[in-house]
Structure formats: C-alpha cells, structure tokens
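Q: Can you walk me through this one? I'd like to start with the core and then look at a helix.

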Amino acid sequence: MRIRLPIRVAHPSHPGLDYLDDAYFALLRRCGYEGLYLQDSPFDSFTGNAGPFKASYHLIYLHDIAYGPDAPRYRDYINEVCRRARRHGLKTHLCCWEPRLPHAAWATTPAAWRGHGGLNAAEGFVTSFCWSDPAAVAYWKQMARDALAALPDVAGVHIGMVDNEASFCDADCPRCRGKTKITL
C-alpha cells in the first residue's frame with residue numbers, strides 16, 4: 001500500500017526572487033511537489049527579529065505584511081512568488097509564526113499589548129503578544145485580515161506558535177497570571 005501525504009510542499013532553502021525562479025519551480029514539479037511554504041524574508045531590513053535567529057534568517061510575520069515599514073515590498077514579493085508558482089501549476093502557502101508583536105510595532109501600539117514570554121525572554125528579547133486585552137486581540141485579527149487580503153493568491157496559511165520568537169505570554173505577565181491560554 002502506498003501512503004500519500006495530504007499535500008506535498010517544499011520549503012525553499014533560500015528566499016528571494018533570484019532563487020525562486022523558473023528552474024526552481026520546474027524542479028519542484030519534476031519531484032512531485034504541489035506547492036511551497038513561504039516563511040523566510042529576503043529582506044535585510046529591520047523586522048524585529050532581535051533574538052538568536054536574526055543572524056540566520058528573517059521570518060515573515062503578519063505584521064510585516066499588514067503594517068510593517070516594508071509592507072509594500074513584502075506584499076509585492078509574496079504576490080510575485082505566487083504568480084511564478086502558479087505559472088508552473090504550484091500553490092504557495094504562507095507560513096507565519098504568530099502571535100508576535102515585532103519590535104518595530106511597539107512604537108505604534110499600546111504598551112499593554114507587549115507580552116512577557118517567548119524564546120529568550122529572560123535576555124530581553126520579548127516579542128510575545130499579550131492577548132489579555134480585547135483591543136489587542138481585535139488588532140491582531142484585523143492585522144491578519146489586512147495582511148491576507150493583500151495576498152489574494154496565497155493558497156493557505158500555516159500558523160506556527162510557541163517557536164521562532166512567536167509566543168503567548170507566560171506566567172510572569174501580570175495581566176495573564178493565573179489564566180490559561182484557553183481562557184485568553
């Protein structure tokens with residue numbers, strides 16, 4: 001009996017349009033892939049990745065797409081990857097690590113939305129998003145809607161949590177202390 005995964009998607013080893021060219025997409029088709037996960041940013045601008053991953057890669061976050069200083073560049077890049085993939089019969093799935101409030105967003109949002117927790121929180125690399133405030137939750141939902149509305153050809157979204165500097169608050173958050181993730 002042959003077992004088939006529900007969907008066969010590739011994870012590009014390098015972000016950027018120079019790497020995601022016709023030859024790359026043709027290779028994916030020959031290997032039986034149906035699409036690709038797009039999670040790494042090709043841009044070297046400040047994205048809020050202040051933790052240990054910054055030297056290795058930049059991840060794409062919904063805030064970058066919706067409201068970040070490079071939002072038009074991110075949207076153009078993702079839409080172009082979708083266009084190229086579609087030309088080869090492939091789908092593009094966006095992979096984001098959420099909830100996350102990048103450092104660049106801290107100046108434009110209330111301080112109460114900054115959570116406590118996440119990878120390397122003890123070292124001051126706190127990028128978690130506090131969901132104890134209903135306005136913060138509403139903001140995140142609207143941000144997700146705005147980001148995805150700008151990417152009409154994205155076939156799906158994979159949201160990863162509690163990794164890659166994306167985290168909910170921990171027990172040290174004064175607003176979330178004593179609550180479970182489910183009650184938030």
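Predicted model: local features only at pLDDT ≥ 70, side-chain atom pairs only at ≥ 80, totals over all residues.

Q: Which residues touch the most other members of the largest nonpolar core?
A: Phe 25, Ile 65 and Ile 78 do. That core has 33 residues.

Q: Which elements give two or more residues to this core?
A: Helix 1 (22–30), strand 2 (35–38), helix 2 (62–66), helix 3 (71–87), strand 5 (91–97) and helix 4 (134–149).

Q: And which gives the most?
A: Helix 4, with seven residues.

Q: Back to Ile 78. What is it in contact with, leaving aside neighbours within four places in sequence?
A: Leu 38, Ile 60, Ile 65, Leu 94, Leu 151 and Val 154.

Q: Now helix 3. How many residues does it have?
A: Helix 3 has 17 residues. From first C-alpha to last it reaches 24 Å, close to the 24 Å expected at 1.5 Å a residue.

Q: Which of its residues are buried?
A: In helix 3, Ala 71, Tyr 74, Tyr 77, Ile 78, Glu 80, Val 81, Cys 82, Arg 84 and Ala 85 are buried.

Q: What do they pack against?
A: The buried residues of helix 3 pack against helix 1, strand 2, strand 3 (40–41), helix 2 and strand 5.

Q: Why does Arg 84 count as buried?
A: Because its relative accessibility is 17%, and buried means under 20%.

Q: What does Arg 84 touch, not counting residues up to four places away in sequence?
A: Leu 17, Leu 20, Asp 21 and Phe 25. Phe 25 is also one of the residues that touch the most other core members.

Q: Last one. What follows helix 3?
A: Gly 89 does, and its phi is positive, near 75°.

Conventions: Residues numbered from 1 in each chain as written. Heavy atoms only, no water. Core = buried A, V, L, I, M, F, W, Y, C linked by side-chain atoms within 4.5 Å. Buried < 20%, exposed > 50% of the residue type's maximum accessible area, 1.4 Å probe, protein only. Helix = DSSP H or I, 4+ residues; strand = E, 2+ residues; numbered from the N terminus. Contact = heavy atoms within 4.5 Å. Expected span 1.5 Å × (residues − 1).
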